[in-house]
Amino acid sequence: MRKITPLVICKSPEEIDIMKKSGAILAELLDELRGFIKPGITTSDIDAFAEEFILSRGANPSFKGLYGFPASACVSVNEEVVHGIPGNRKLVEGDIVSIDVGAEVEGFHCDSAMTFPVGRVSSEAMKLIRTTEESLYRGIEQARIGMRIADISRAIQSYAESRGFSIIRALSGHGVGRKLHEEPAIPNFVIRGEPGPVLADGMTLAIEPMVNVGGPDVKTLNDNWTVVTCDGSLSAHFEHSVAVTCEGPVILTAL
Ligand code: MG
Ligand code: MG
């Protein structure tokens, strides 16, 4: 492990191999959730499924207790963007549900999220989901040695906005590794004059576009966790943990 700036921690190939273990667990979990999500289940059911799955693989749920969060999965429905607290809410046909999960193995975390349709959803909701996922892959494509964080941001923003949607400004991606949240911040939009660090071999990044049908503004509910769109429009969220390597971007949380 070496530090290339005072803050951004690069991982050795051996450390990245460990991160692949927690990443694989999250990939399998999100794949299994695709079949589990249906009208009538509660957001708590999703959390219980996620927690059991992570523990059964010998990993620890990264989110549980982090900053005081009470659950193993963040489950955010429709206009909820991120950090939804699982509870008694039942999913209904036409909802979209964003599930964000983290797992730790041998001291290293990975972080991943996906938005799922519940039964049949509107064509606009489906377009939002597909656009957000594609914007993530466009961002990942930029995660190469010598590029800058802003190249990732630009790829995400330009694709999402070209499809008529807006990018949330208030929330960003982040480095990931020994801690769930490390430097650098990875905004999903370009901040003029702030290109961010140059990407180097061994950086591990949680890239996570959050995209709204309506305006970009969000607020936090009185539960002090759930982030929602100010205009009540639908929001989607996709996230992968990615290693910057000599061979190009390696998605640690892919199947
Ligand atoms: Mg996450
Ligand atoms: Mg994250």
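The notes below describe parts of this structure, which is a predicted model.

**Metal site**

- The magnesium ion (ligand 2) is coordinated by D111 through OD, by H174 through NE2, and by E208 and E239 through OE, at 2.1 to 2.2 Å.
- Along the chain, the donors of this magnesium ion (ligand 2) are spaced as D-x62-H-x33-E-x30-E.
- Distant parts of the chain are linked here, with H174 in strand β9 (residues 173-175) and E208 in the loop between β11 (204-207) and β12 (210-212), 34 residues apart.
- Both H174 and E208 are buried.

- Three strands form an open sheet in the order β8-β12-β15, and their pairing is antiparallel.
- β8 (166-167) and β15 (235-237) are the edge strands, each having a single partner strand, so one side of each is left without a neighbour in the sheet.
- The antiparallel pairing of β8 and β12 runs over two bridges, and I167 has V211 in β12 as its bridge partner.
- Helix α3 (residues 123-141) packs on the sheet, where it touches β12 and β15, and its direction makes about 35° with that of β15.

**Helix α2**

- At 1.5 Å a residue, the 14 residues of helix α2 (residues 43-56) should span 20 Å, and this agrees with its end C-alpha atoms, which are 20 Å apart.
- The buried residues in α2 are T43, I46, D47, A50, F53 and I54; seen down the axis of α2, the buried residues fall within an arc of 135°, so they line one face of the helix.
- These buried residues of α2 pack against α1 (13-36), β3 (60-61), β4 (73-77) and β6 (96-105), whereas E52 and S56, on the other side of α2, are exposed.
- Just after α2, G58 adopts a positive phi of about 80°.

**Residue L252**

- L252 lies in the segment after β17 (248-251), and L252 counts as buried because its relative accessibility is 2%, where buried means under 20%.
- Leaving aside neighbours within four places in sequence, L252 is in contact with several residues, among them I16, M19, C110, T204 and V242.
- L252 and T204 are 48 residues apart in sequence, and their C-alpha atoms are 9.0 Å apart in space.

Conventions: Residues are numbered from 1 along each chain as its sequence is written. Chains are lettered from A and ligands numbered from 1 in the order in which they are written. This is a predicted model: local features need pLDDT of at least 70, side-chain atom pairs count only at pLDDT 80 or more; totals for chains, interfaces and linings use all residues. Side-chain values use heavy atoms; hydrogens and water are left out. Helices (H or I, at least four residues) and strands (E, at least two) are DSSP runs, numbered from the N terminus. Buried means under 20% relative accessible area, exposed over 50%, partly exposed in between (1.4 Å probe, protein chains only). Contact means heavy atoms within 4.5 Å. Donors are N, O and S atoms within 2.8 Å of the metal (3.2 Å for Na, K and Ca); water is not among the atoms, so sites may look incomplete. Two strands pair if DSSP finds at least two bridges between them. Axes are lines fitted to C-alpha atoms, for helices over the stretch in contact, and angles run from 0 to 180 degrees between N-to-C directions. The expected span of a helix is 1.5 Å times one less than its number of residues. The arc is that of the directions from the helix axis to the C-beta atoms.
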